[in-house]
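Let's take a walk through this structure together. Have the sequence and the 3D view open, and follow along.

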Protein chains: 2
Amino acid sequence: MEQVSATMVFGGALRFLKHASKATGMPMVFSVFVPPGPGPFPVVYWLSGLTCTANNFTEKAGAYRTAAELGLIVVAPDTSPRGEGVADDPAYDLGQGAGFYLDATEAPWAPHFRMESYITDELIAVVEAEVPANGRRSVFGHSMGGHGALTLAMRHKGLYRSVSAFAPIASPTRCPWGVKAFTAYLGADRDKWRAHDASHLMAEGAARDFDDILIDQGLADSFLVGQLRPELLEEAARAAGQKLTLRRHAGYDHSYYFIQTFLSEHLAFHARRLGAG
Amino acid sequence: MEQVSATMVFGGALRFLKHASKATGMPMVFSVFVPPGPGPFPVVYWLSGLTCTANNFTEKAGAYRTAAELGLIVVAPDTSPRGEGVADDPAYDLGQGAGFYLDATEAPWAPHFRMESYITDELIAVVEAEVPANGRRSVFGHSMGGHGALTLAMRHKGLYRSVSAFAPIASPTRCPWGVKAFTAYLGADRDKWRAHDASHLMAEGAARDFDDILIDQGLADSFLVGQLRPELLEEAARAAGQKLTLRRHAGYDHSYYFIQTFLSEHLAFHARRLGAG
């Protein structure tokens, strides 16, 4: 493990770390904030959206004041493998920066694009051996990372105590971003896609272990109607009798200014379920 | 005035605006946050450090939660004129991104590098005609912008109700950054430099209108000993009988993570003196 940088913020330690990932076959960089105090602390994992690296959340979300107050470790990984030898696409919504938090089965993506294995297995092992973690963890994310948080939490029972999202891609099988990515990464057989679609998983009751799921959505978000479609998640929750708190906010867009506005409430949501704060 | 972008954050409105500046002879971009509510509000001006644009503070300082709570308008201008036809230097500490908040008298800088006139005159007029301002204002900044905040507040009596700084260049006439910039912008005659040196101004009593000045400095700041030298400001305050609250923080560096940690306390410091909050 290589320490790329270390900075103090709100009395805690913020580090960027780089490690050779077995899951993706590439070096991966993530940030980890450890609050002040001896710990051990629960860990909240943030999954970012299209085009992001570990930096966007770390620099722009304003997360660490509240994380320090609540005693939460916060981890922000990259959104895909990167570098020479990793397949890519000139579009912003496919390839590097657009891993979609699944293990690709199709060429040329399959060798490195294994973000589901990376996030749910390797990253947890690597992080929680490095910091004073107490074995409890939650996951949240934004846009593509909201899709990631919801699907990984539902697909890996018992791994996360709680899940929330900002402006998630609610049903990738029914929006252009998702159809494009799933076709590339999983192939043309749509039956294989449903297991990575938050709304389908939720309709099947896969979120029943969670007493509530918190979703915030800005109504000035330019991707709301064409890509994000939170109403599909709402329908699925209704069908499954799943508690879902979907809050729609007039005036807010898709940016980190929207995220920072409501981030403390998400951290508090997770802290309550993690026994922190 | 051209609106570059508009975003909601913490219930307020964050806009980037671009205008044709008479002072610098170039288009200038700044960000302005207006808190929720009808106002009018006081205005706090942030002056950034070397290499920064209006973006760094706006994206990374995490200022708007507290600004919304306290009812403060927050403005972040650029650090210099920029663009074709503006003199520049390949070094990061001279030319574009390094205006040093003074009006240059020397070639090739004099035509455009007039940041003192821009900040203390034109920007105030432009901003406060555009937003619900109540005529009260304060100034603060970081590093080169800490120098700017201190010198502009002391050189323009009555303009700002309060001043504070993060890791300011305490005495540019006695550090490499300042000597290089002042030589270029003001010429070799060191007598002309003193009027732009916060420590010299303070020693002469130029801060006597301020009941206190708040300075935060990280002790892990790599520029502390060679460039920033806050002890010179402390000596000057002692000599002048000026109240100065200089807080040294173990472990903190020169980054926006340091700034965001103590930013709310600076906003509260100004709000008390602006009758806000």
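Start with the largest cavity: 16 residues line it, and A:Phe10, A:Gly62, A:Arg65, B:Gly62 and B:Arg65 lie nearest its centre. A cavity here is a set of points on a 1 Å grid over the protein atoms alone where a 1.4 Å probe fits but cannot get out, and lining residues have an atom within 4 Å of a point. Helix 2 (64-70) and helix 9 (256-274) of chain A, together with helix 2 (64-70) and helix 9 of chain B, each give two or more residues to the lining. Helices (H or I, at least four residues) and strands (E, at least two) are DSSP runs, numbered from the N terminus. The volume is about 190 Å³, taken as the space filled by probe spheres set on the points, with grid points joined across faces, edges and corners.

A quick word on the ground rules. This is a predicted model, where local features need pLDDT of at least 70, side-chain atom pairs count only at pLDDT 80 or more, and totals for chains, interfaces and linings use all residues. Residues are numbered from 1 along each chain as its sequence is written, chains are lettered from A and ligands numbered from 1 in the order in which they are written, and side-chain values use heavy atoms, leaving out hydrogens and water.

Now look at the sheet in chain B. Its nine strands form an open sheet in the order 1-2-3-5-4-6-7-8-9, with mixed pairing; two strands pair if DSSP finds at least two bridges between them. At the edges sit strand 1 (2-9) and strand 9 (245-249) of chain B, each pairing on one side only.

Zoom in on strand 8 of chain B. Five of its five residues are buried, so this strand is largely enclosed by the rest of the structure (buried means under 20% relative accessible area with a 1.4 Å probe, protein chains only; exposed means over 50%).

Finally, find helix 8 (residues 230-240) of chain B, whose buried residues are B:Pro230, B:Leu232, B:Leu233, B:Ala236 and B:Ala237. Seen down the helix axis, they fall within an arc of 155°, so they line one face of helix 8 of chain B; the arc is that of the directions from the axis to the C-beta atoms. On the other side, B:Arg238 and B:Ala239 are exposed.

Key: On a 1 Å grid over the protein atoms alone, a cavity is a set of points where a 1.4 Å probe fits but cannot get out, and a pocket is an open set with protein on both sides within 12 Å along at least five of seven lines; lining residues have an atom within 4 Å of a point.
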